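Please consult the sequence and the structure shown here.

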Amino acid sequence: MTLTPEQQAEIDELRSQPRQTLRAVSEGMEAHLYKAVPVLDHGFVRVVDYMGDDAAITQAARVSYGRGTKAVSNDEGLIRYLMRHWHSTPFEMCELKLHVKLPVFVARQWIRHRTANVNEYSARYSILDREFYIPEPDALAAQSVVNNQGRGEALSGEEAARVLEWLKSDAGRAYDHYQEMISTEGQQGLARELARMNLPANIYTQWYWKVDLHNLFHFLRLRADAHAQYEIRVYAEAICAMVKDWVPFAYSAFEDYRLGGAVLSARGLECVKRMLAGEEVTQETSGMSKGEWREFSSMLDG
Ligand SMILES: Cc1cc2nc3c(=O)[nH]c(=O)nc-3n(C[C@H](O)[C@H](O)[C@H](O)COP(=O)(O)OP(=O)(O)OC[C@H]3O[C@@H](n4cnc5c(N)ncnc54)[C@H](O)[C@@H]3O)c2cc1C
């Protein structure tokens with residue numbers, strides 16, 4: 001279950017009490033505020049708070065006193081200019097605070113992004129819920145034969161059934177023992193901080209994660225990318241949908257220059273120029289390694 005009825009009631013109550021404010025408000029983000037977007041089988045991501053909007057970015061870039069916009073099109077053009085030229089500090093004027101529920105192995109990838117503020121649910125203090133990520137059959141993939149860090153086709157038949165059964169039964173058994181170890185019935189009960197070490201990495205944890213827009217874009221660039229692991233990518237995609245509504249100009253510039261754009265090396269740029277001049281360039285004549293050429297070609301093939 002993603003949210004208990006009590007948790008949903010708390011969210012509904014928060015959303016039922018709008019307040020007036022003098023601060024910048026993004027109508028798009030107000031629609032998301034507090035609501036949980038389900039991700040994976042028990043996870044979610046939800047906006048707890050935010051600061052700023054598209055105008056806050058241009059306001060900071062111009063160091064202006066008021067909202068500072070002459071025309072909306074000027075703001076959009078300026079934001080595209082800032083993104084194109086890596087003038088990043090104006091994007092740091094916007095902040096996002098999320099509440100995320102995610103499997104521990106996803107959290108391990110996520111926490112590598114050091115430029116955020118994090119507070120995680122304490123399994124020293126509290127008892128973890130009996131909730132484990134079990135992949136949907138189409139996400140139960142085989143090891144990729146071309147990429148050591150990737151996955152290939154989905155497993156099928158008996159192999160898929162056996163793997164699913166192991167994932168479920170191992171997690172269930174580990175949780176049963178966790179409960180028995182911390183139980184105080186007829187025993188002293190092992191400390192929670194020790195009992196948790198036996199739990200598998202697909203158990204869910206939760207945290208509050210606060211980040212500025214510049215560093216959030218960096219996170220999304222890496223984790224909403226097709227090469228990111230599926231289980232973190234689905235969170236990044238859910239966040240992308242929120243950011244799109246929050247700061248539509250900034251998101252559209254990010255989508256264009258970063259998410260959908262590509263970076264060319266000097267050699268790559270030279271090859272493109274030679275191709276445009278009508279030359280047939282091959283890996284052998286490109287000056288690139290096989291790996292570089294493969295990535296360069298797939299970039300051009302889209
Ligand atoms: C597809 C993929 C595969 C990966 N595989 C592996 C792997 O096999 N093993 C592994 O260990 N990690 C792996 N990572 C994690 C990766 O190396 C980064 O740790 C992670 O993506 C966070 O990126 P970051 O450091 O740029 O982000 P942040 O920590 O948010 O930092 C943002 C930027 O701030 C600057 N910065 C932050 N802290 C410092 C600092 N202390 N010193 C200098 N500059 C700093 C850097 O410019 C950095 O790019 C992988 C990531 C991806 C997306």
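Where does Ala 123 lie? Ala 123 is placed in the loop between strand 4 and strand 5 (141–143), where strands are DSSP runs of E of at least two residues and helices are runs of H or I of at least four, both numbered from the N terminus.

**Basis of the model**

The model is predicted: local features need pLDDT of at least 70, side-chain atom pairs count only at pLDDT 80 or more, and totals for chains, interfaces and linings use all residues. Residue numbers start from 1 along each chain as its sequence is written.

**Helix 8 against helix 9**

Helix 8 (residues 213–223) and helix 9 (residues 230–246) have axes that come within 9 Å and cross at roughly 135°. Axes are lines fitted to C-alpha atoms, for helices over the stretch in contact, with angles from 0 to 180 degrees between N-to-C directions. Helix 8 and helix 9 are therefore oblique to each other; angles under 35 degrees count as roughly parallel, over 145 as roughly antiparallel, 65 to 115 as roughly perpendicular and the rest as oblique.

From helix 8, Leu 216, Leu 220 and Arg 223 meet Ile 232, Arg 233, Ala 236, Ile 239, Cys 240 and Val 243 of helix 9, contact being C-beta atoms, placed from the backbone, within 7 Å. Seven nonpolar, no polar and two charged residues form this contact of helix 8 with helix 9. Here Ala, Val, Leu, Ile, Met, Phe, Trp, Tyr, Cys and Pro count as nonpolar, Asp, Glu, Lys and Arg as charged, and the others, Gly among them, as polar.

**Helix 8 against helix 10**

The axes of helix 8 and helix 10 (residues 248–259) come within 11 Å and cross at roughly 45°. This makes helix 8 oblique to helix 10. Leu 213, Phe 217 and Arg 221 of helix 8 make the contact with Ala 250, Phe 254, Arg 258 and Leu 259 of helix 10. Its residues comprise five nonpolar, no polar and two charged.

**Ligand shell and recorded sites**

Around the ligand are Arg 112, His 113, Arg 114, Thr 115, Asn 215, His 218, Leu 222, His 227 and Ala 228, each with its C-beta atom, placed from the backbone, within 6 Å. The shell has two nonpolar, five polar and two charged residues.

An unreviewed UniProt entry lists, for "binding site", Thr 89, Arg 112, His 113, Arg 114, Glu 120, Asp 212, Leu 213, His 214 and His 218. These positions span 130 residues in sequence, and the farthest two C-alpha atoms are 27.4 Å apart, so they do not all gather at one spot. Glu 120 lies in strand 4 (residues 117–120).

Notes
Contact = placed C-beta atoms within 7 Å. UniProt positions renumbered as here; feature names shortened; annotations may be inferred.
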